[in-house]
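Welcome, and please take a moment to look over the sequence and the model. We will walk through them together, one part at a time.

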4 protein chains.
Amino acid sequence: MLNVKRLSVEEADWLIAGAVFASREQDIPMCIAVTDESGHLIAFRRMDGAKITSISIAVDKAFTAAAARKPTHIYNQLCVSGQPTFGIHITNNGHFSIIGGGLPVTVDDQIVAGIGISSGTAEEDRKVAEAALAYFYLQSEYTP
Amino acid sequence: MLNVKRLSVEEADWLIAGAVFASREQDIPMCIAVTDESGHLIAFRRMDGAKITSISIAVDKAFTAAAARKPTHIYNQLCVSGQPTFGIHITNNGHFSIIGGGLPVTVDDQIVAGIGISSGTAEEDRKVAEAALAYFYLQSEYTP
Amino acid sequence: MLNVKRLSVEEADWLIAGAVFASREQDIPMCIAVTDESGHLIAFRRMDGAKITSISIAVDKAFTAAAARKPTHIYNQLCVSGQPTFGIHITNNGHFSIIGGGLPVTVDDQIVAGIGISSGTAEEDRKVAEAALAYFYLQSEYTP
Amino acid sequence: MLNVKRLSVEEADWLIAGAVFASREQDIPMCIAVTDESGHLIAFRRMDGAKITSISIAVDKAFTAAAARKPTHIYNQLCVSGQPTFGIHITNNGHFSIIGGGLPVTVDDQIVAGIGISSGTAEEDRKVAEAALAYFYLQSEYTP
């Protein structure tokens, strides 16, 4: 039997809160999604003013980061026309996100969740995701 | 020009909180979704132990209640084989929910949001949705 | 942090083997699918002669049993036109199976996997799924 | 009347076993899929630790290799922006894989199956697929 660690919904609140703080600092209202380690949604928050198209993009980023176990911006760099990983962006019924802003959430080197941010540029989304993770480790007593 | 009233994300928190309280009272962890008046997701929370299949069902219930402007259990009663509304459950790419647990959220007779609950029976889900609405009107100063 | 039990792939082999034995006894070649507790596929086997349409049906049954936490034949009885659960069969992008032959796999009262069988009648599929579970508990030292 | 050669499920086991051995050698747990000559799934195995997003990618690679009758890495080289084959990756409802790791399985110059590997890089996946084929020819008395 495998033994799997999974983020609880109360712990997901730290990620959401951290993302909200960072979004306000950047003055960009964001869609924020948190999935469990298997890629299934735990929590979602669309800040007032965040984009409607970003709802599913944020969810897909969180899914991809958790289930494919890499930040989505890494796949963006790999999935370039002419390169071996090109084409991965249309797999998983179009839910495999290769746009920066999705990060795996690790605790003691195990992926326990994924976070996805969307509404800004890929770079802005990624910064908010990173700030959310920093807040998460600060508030919890977990280490990556 | 139309002027549309739409629930803010902070106001959606009252619905989520009310649903969480009612779920705990019933001892059934729930998936809870809140959409705006256009049916687009504002907030989502999967309580620890809620069903994975209920993630999208809760979102679909909230979408349907807001966008089709009726409680989903009303459509359940209308969408019976041989009746004129039969078939509506497979419209909107399968996102039209006819299972009880989705309610429109009205303020001064205008629909401003939808709430969808899933993981229990249709009856249990509906009770939690109704409790969430009651809590919302209590905490806010809004009237239906 | 939640702590989740999940079937390993070697343990899934017991379910597959048990299903193969029971299928041969009934002389009906079957599609056999095993998912983890989150509904993601671990192992699949299409016996020679099993139906092509049953590939995805078996996978959907295993997914539903694990993720919605009930045998699929229970949902079949609930999802009747005019009843409150009618409509659940088209949720989850059409992957919510309400045809008998899907069973949750429990260990110490926790769902650790799902099994789905397809190619016979719903009754035949269910018998094979039950036989697979019996074989699993016999070969492993696990109790439901 | 056409007479079609098709891999049996017992013969598919050689491909799966060969892929498992090679994955362990590379220390990368893989998703392994085998389809028949028509592209329909025969057998699937997700080794403990393989990626969830790779479940459907492995199946798509095996499907493409069998049904389009070429290794998927060949399509990767052809499907480059500006080239005549560009766009093929979004055909077949997104199941046409152009990522290396899918190989047709030939016996006496006829395609009898497809194998798809996913969880590593395209190069790692391809090596495991090639090792699986080598093991298959060694164990069976078939020649390509």
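How many residues of chain D are in contact with residues of chain C? In this predicted model, 17 residues of chain D touch 17 residues of chain C. The size of an interface is often given as the accessible area lost when the parts come together. For chain D and chain C that area is about 1,600 Å², with 43% of it on carbon and sulfur atoms. On the chain D side, D:Leu41, D:Arg45 and D:Arg46 contribute 33% of the area that chain D buries against chain C, more than any other three residues.

To see a salt bridge between D:Asp36 and C:Arg46, look for their closest N and O atoms, which are 2.9 Å apart.

Now turn to chain A. Here 20 residues of chain D are in contact with 22 residues of chain A. Chain D and chain A bury about 1,600 Å² between them, and 59% of this lies on carbon and sulfur atoms. The three residues D:Lys51, D:Ile52 and D:Thr53 supply 32% of what chain D buries against chain A, more than any other three residues. How many salt bridges does the rule find across the interface of chain D and chain A? The count there is 0.

Over all chains, the rule gives 34 salt bridges. One pair to look for is C:Arg6 with C:Glu37, whose side chains meet in a salt bridge at 2.7 Å, N to O. This pair links distant parts of the chain, 31 residues apart: C:Arg6 sits in strand β1 (residues 2-6) of chain C, while C:Glu37 is in the loop between β2 (31-36) and β3 (41-46) of chain C.

Next, let us look at how helices pack. Two packed helices are described by the angle between their axes and the distance between the axes. In chain D, helix α1 (residues 9-26) and helix α4 (residues 122-139) cross at roughly 135 degrees, and their axes come within 7 Å. That angle makes α1(D) oblique to α4(D). The crossing of α1(D) and α4(D) is right-handed.

Which residues meet where α1(D) and α4(D) pack? From α1(D) they include D:Trp14, D:Leu15 and D:Phe21, and from α4(D) they include D:Val128, D:Leu133 and D:Phe136. The residues of this contact between α1(D) and α4(D) divide into 12 nonpolar, 4 polar and 3 charged.

Helix α1 (residues 9-26) of chain A packs on helix α4 (residues 122-139) of chain A at about 135 degrees, with the axes 7 Å apart. α1(A) and α4(A) are therefore oblique to each other, and α1(A) passes α4(A) in a right-handed crossing. Among the residues that meet are A:Glu11 and A:Gln26 in α1(A), and A:Lys127 and A:Tyr135 in α4(A). This contact of α1(A) with α4(A) has 12 nonpolar, 4 polar and 3 charged residues.

Finally, visit chain B. Its helix α1 (residues 9-26) and helix α4 (residues 122-139) pack at an angle of about 135 degrees, their axes 7 Å apart. That makes α1(B) oblique to α4(B), and the crossing of α1(B) and α4(B) is right-handed. B:Gly18 and B:Ala22 of α1(B) are among the residues that make the contact, as are B:Ala131 and B:Ala132 of α4(B).

How values were computed: Residues are numbered from 1 along each chain as its sequence is written. Chains are lettered from A and ligands numbered from 1 in the order in which they are written. This is a predicted model: local features need pLDDT of at least 70, side-chain atom pairs count only at pLDDT 80 or more; totals for chains, interfaces and linings use all residues. Side-chain values use heavy atoms; hydrogens and water are left out. Axes are lines fitted to C-alpha atoms, for helices over the stretch in contact, and angles run from 0 to 180 degrees between N-to-C directions. Helices (H or I, at least four residues) and strands (E, at least two) are DSSP runs, numbered from the N terminus. Angles under 35 degrees count as roughly parallel, over 145 as roughly antiparallel, 65 to 115 as roughly perpendicular and the rest as oblique. A crossing is left-handed if the near helix is turned anticlockwise from the far one by less than a right angle, and right-handed if clockwise. Contact means heavy atoms within 4.5 Å. Buried area is the accessible area (1.4 Å probe) that two parts lose on being put together, summed over both. A salt bridge is a side-chain nitrogen of Lys or Arg within 4 Å of a carboxyl oxygen of Asp or Glu. Ala, Val, Leu, Ile, Met, Phe, Trp, Tyr, Cys and Pro count as nonpolar, Asp, Glu, Lys and Arg as charged, and the others, Gly among them, as polar.
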